[in-house]
Amino acid sequence: FCLMIRRPPRSTQSRSSAASDVYKRQDIKFSPDGEKFAVGSHDNFVDIYNTSDFKKIATCKGHSSYITHIDWSVDSSAIHSNCGAYELLFWDSSTGKQNTSGGTAFRDEKWATWTCVLGWPVQGIWPMSADGTDINAVDRSHKDTEKGYSILALGDDFSKVRLFRYPALKKGAESIAGDGHSSHVTNVKFSICLLYTSPSPRDRQKSRMPSSA
């Protein structure tokens, strides 16, 4: 599936111009009911569109930096998002209005996915000495294990892919670490039954190097 979002002509643009006419799209997520999708960009906004006609229906404004991750609630009524300023904000998906009491209002909310690196159920993934840039991506498995819990995969700046029991609430939660990448792991993603990771630039360079004789 390929999605192209066209920017309006310069004369109709209301946002400040970036170095290019195209803002970087950091994350795109479709609602569980299939009726909407959300786009997080480097202009600090989350835009919400209809899937029927691709018209924008709302813009979520409130983040202090570029959007990094988005998740939908199971009932498609809400979104939460992270940004480069390490904020976790909550939104009404119909109006784009921020719920400033979201941490309390959505504490028992069921989320269709979990890819935000900040939030209550992932607070234990952060090492004691970590800064906000050390963890690049997380993804919760689609199915529970035989013991009844989900798995959370993490990609970090130390070439590691780590697997946690979800939710990971205790500070310094135990994990299983996997090696193989040559540099930062930029993304991780579960399919229905498999885990995929995004290669780092060093991985791509290494894959192009000829083998020694």
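Buried residues make up 39% of the 213 residues in the chain, where buried denotes under 20% relative accessible area, exposed over 50%, and partly exposed the range in between (1.4 Å probe, protein chains only).

The model is predicted: local features require a pLDDT of at least 70 and side-chain atom pairs count only at pLDDT 80 or more, whereas totals for chains, interfaces and linings use all residues. Residues are numbered from 1 along each chain as its sequence is written, and side-chain values use heavy atoms, with hydrogens and water left out. The average pLDDT of the chain (the predictor's confidence in each residue, from 0 to 100) is 85, and 79% of the residues score at least 70. Over residues 9-13, pLDDT stays under 50, and the model has 3 contacts beyond four places in sequence for this stretch; a contact means heavy atoms within 4.5 Å. Residues 16-21 also have pLDDT under 50, with 5 contacts beyond four places in sequence. Among contacts in the chain between residues at least 6 apart in sequence, 42% join residues at least 24 apart.

The chain contains 2 helices and 13 strands, assigned as DSSP runs (helices H or I, at least four residues; strands E, at least two) and numbered from the N terminus. Strands of a sheet pair through backbone hydrogen bonds, either parallel or antiparallel; here, two strands are taken as paired if DSSP finds at least two bridges between them.

Strand β3 (residues 46-50) pairs with β4 in the antiparallel sense over 4 bridges, and K56 in β4 is the bridge partner of Y49.

A further open sheet of 4 strands has the order β8-β9-β10-β11, again with antiparallel pairing. β8 (135-140) and β11 (175-178) are the edge strands, each pairing on one side only. Neighbouring strands of this sheet are turned against each other by 25 degrees on average, direction ignored. The antiparallel pairing of β8 with strand β9 (residues 150-156) runs over 5 bridges; L154 in β9 is the bridge partner of V138.

Conventions
Axes fitted to C-alpha atoms, helices over the stretch in contact; angles between N-to-C directions.
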